[in-house]
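Subject: Structure handover

Hello,

Please read the notes below with it open.

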Amino acid sequence: ESTEVLQSAKEIHALIGKVVPIEIEAHLARMAGEYHRMFEEERVVCRELQRMYSEILGAEITKCSDTQDAKHGGPEQDDTIKPSEWIRVIREWVDAAADNILCQDRPEMFEENLIHVASLSIAATQSIRRINKVVL
């Protein structure tokens with residue numbers, strides 16, 4: 001009887017040794033498939049969020065540009081500014097952004113200053129292209 005129990009135990013162990021790895025392998029394959037699907041969904045969501053943020057930032061930059069144009073004279077005035085002056089003004093806003101984040105820990109002002117930098121950079125680029133008659 002003891003020998004039969006031992007033999008049965010060996011058979012069960014042999015069976016478990018064959019079945020469990022197959023089940024584990026199938027489970028790991030399902031998990032890998034699920035991970036891949038989730039990763040792809042996350043990438044799609046990230047791309048969509050990035051597109052949305054771009055639209056929001058674009059609107060914020062446009063609003064800032066409109067304000068700057070109303071205050072400083074718009075494209076006609078922009079076209080009288082030399083590249084060195086554009087660089088000076090943009091640097092002032094970059095320095096203000098750096099000061100806001102590094103010295104004052106004011107991330108909202110840092111972001112606002114970067115919107116100004118973007119708006120000024122676009123205005124400078126557009127002006128240079130108008131002056132040089134660059135057609136896109």
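The notes below cover the conventions, then the findings.

This is a predicted model: local features need pLDDT of at least 70, side-chain atom pairs count only at pLDDT 80 or more, and totals for chains, interfaces and linings use all residues. Residues are numbered from 1 along each chain as its sequence is written, and side-chain values use heavy atoms, with hydrogens and water left out.

Helix α4 and what follows

Helix α4 covers residues 107-131. Helices are DSSP runs (H or I, at least four residues), numbered from the N terminus. α4 has 25 residues and reaches 36 Å from its first C-alpha to its last. That is close to the expected 36 Å, where the expected span is 1.5 Å times one less than the number of residues. Its buried residues include Asn113, Ile115, His116, Val117 and Leu120. Buried means under 20% relative accessible area, exposed over 50%, partly exposed in between (1.4 Å probe, protein chains only).

Lys133 lies in the segment after α4. Its phi is positive, near 55 degrees, and it is not a glycine. Lys133 is exposed, at 69% relative accessible area.

Asn100 sits in helix α3 (residues 83-103). Asn100 is buried, because its relative accessible area is 7%. Its side chain makes a polar contact with the side chain of Asn113, at 2.5 Å. A polar contact is a pair of N or O atoms within 3.5 Å; within protein, one must be able to donate a hydrogen and the other to accept it, and residues adjacent in sequence count only if both atoms are side-chain atoms. Leaving out residues up to four places away in sequence, Asn100 touches Asp105, Arg106, Met109, Phe110 and Asn113. Contact here means heavy atoms within 4.5 Å.

Asp105 belongs to the loop between α3 and α4. Asp105 also has a positive phi, near 50 degrees, in a residue other than glycine. Is Asp105 buried or exposed? Asp105 is exposed, with a relative accessible area of 61%.

Surface patch

Val45, Leu49, Met52, Tyr53 and Ile56 make a nonpolar surface patch of about 470 Å². Patch residues have over 30% relative accessible area and no salt bridge, and nonpolar side chains (Val, Leu, Ile, Met, Phe, Trp, Tyr) are joined within 5 Å, like charges within 9 Å. A salt bridge is a side-chain nitrogen of Lys or Arg within 4 Å of a carboxyl oxygen of Asp or Glu. Areas come from the Shrake-Rupley method with a 1.4 Å probe; for residues, only the protein chains shown count as cover. Ile56 lies in helix α1 (residues 2-72). Ile56 counts as partly exposed, at 43% relative accessibility.

Best regards

How values were computed:
Helix = DSSP H or I, 4+ residues; strand = E, 2+ residues; numbered from the N terminus.
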